[in-house]
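Please read them with the coordinates open beside you.

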Amino acid sequence: EWRVKSVALTAQNFFYGLAATDTTLIATDAPTTGDLMGFYSVTGDGILLFGSGNSAVMTASSTSPGTLVADTYSRIGFRLEGVALTGSSFLEVYYNGVIVANNIAAATIPNAIQRLSFAMGTQTTAAKVNAIDWVRMAVK
């Protein structure tokens, strides 16, 4: 779970989550790696998507988990149970403490080693500011 905010949401892309090592984690239109699970926005308006992927295939959520509000903290998180390789995984997605998606297909859960990851890009030359208040991770 992350507690995050963006001072201004216009003209920026970001990713918060877990991902395989990648030095170019986000591009102008989508995360650039398939081995990840996390929240991202690439539309410059703070509308969140949740994506999870195994190898080169990333699947985005069909509906937005929520929309960030400028200069306001939001809690975004997910809970994974099981192991993707066994096909018995279960992934739940939360926004501000409320479950917004579950039963995400095990085939889209990463099987590569995952690392805590954050990426931010801007669609203009103007500087953007994001704040991460805290990150909470647990292994069950």
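**Notes on the predicted model**

1. I begin with a side-chain to backbone pair: a polar atom in the side chain of Ser 41 lies 3.0 Å from the backbone oxygen of Ile 47. This is a predicted model, and the distance is therefore to be taken as a computed value from predicted coordinates. Ser 41 itself sits in strand β3, which covers residues 36–41, and with a relative accessible area of 1% Ser 41 is buried.

2. On confidence, the protein chain averages a pLDDT of 80, and 84% of the residues score at least 70. The mean is highest in strand β1 (residues 2–6), at 91, and lowest in β5, at 68. Where pLDDT is low, the predicted coordinates should not be read in detail. I would keep in mind the mean of 68 for β5 when reading that strand.

3. As to the overall fold, the secondary structure of the protein chain consists of zero helices and ten strands, which gives the pattern β-β-β-β-β-β-β-β-β-β when read along the sequence. Of the 140 residues in the chain, 42% are buried. Among contacts with a separation of 6 or more, 54% are between residues 24 or more positions apart. The accessible surface of the chain comes to about 7,100 Å², and 57% of that area belongs to carbon and sulfur atoms.

4. Ala 119, found in strand β9, counts as buried because its relative accessibility is 11%, which falls under the 20% limit. Its contacts, not counting residues up to four places away in sequence, are with Asn 13, Phe 14, Phe 15, Leu 25 and Ile 26. The C-alpha atom of Ala 119 is separated by 9.3 Å from that of Pro 31, although the two residues are 88 apart along the chain.

5. Which residues make the nonpolar surface patch of about 500 Å²? They are Leu 116, Phe 118, Met 120, Ile 132, Val 135 and Met 137. Strands β9 (115–122) and β10 (130–135) each supply at least two residues of this patch, and β9 gives the most, with three. Val 135, which is placed in strand β10, counts as partly exposed at 32% relative accessibility; that value qualifies on area because patch residues need over 30%.

6. Two backbone angles deserve a separate look. Most residues other than glycine have a negative phi. Asp 71, however, has a positive phi of about 60 degrees although it is not a glycine, and Asn 96, likewise a residue other than glycine, has a positive phi near 50 degrees. Asp 71 is in the loop between β5 (57–60) and β6 (74–81), whereas Asn 96 lies in the loop between β7 (90–95) and β8 (98–101). Both are partly exposed, Asp 71 with a relative accessible area of 45% and Asn 96 with a relative accessibility of 37%.

Conventions:
Residues numbered from 1 in each chain as written. Heavy atoms only, no water. Helix = DSSP H or I, 4+ residues; strand = E, 2+ residues; numbered from the N terminus. Buried < 20%, exposed > 50% of the residue type's maximum accessible area, 1.4 Å probe, protein only. Patch = residues over 30% accessible without salt bridge, like charges linked within 9 Å, V, L, I, M, F, W, Y side chains within 5 Å. Areas by Shrake-Rupley, 256 points an atom, 1.4 Å probe, with all protein chains shown as cover. Salt bridge = Lys/Arg side-chain N within 4 Å of Asp/Glu carboxyl O. Polar contact = N/O pair within 3.5 Å; in protein donor to acceptor, adjacent residues only side chain to side chain. pLDDT = per-residue confidence, 0-100. Contact = heavy atoms within 4.5 Å.
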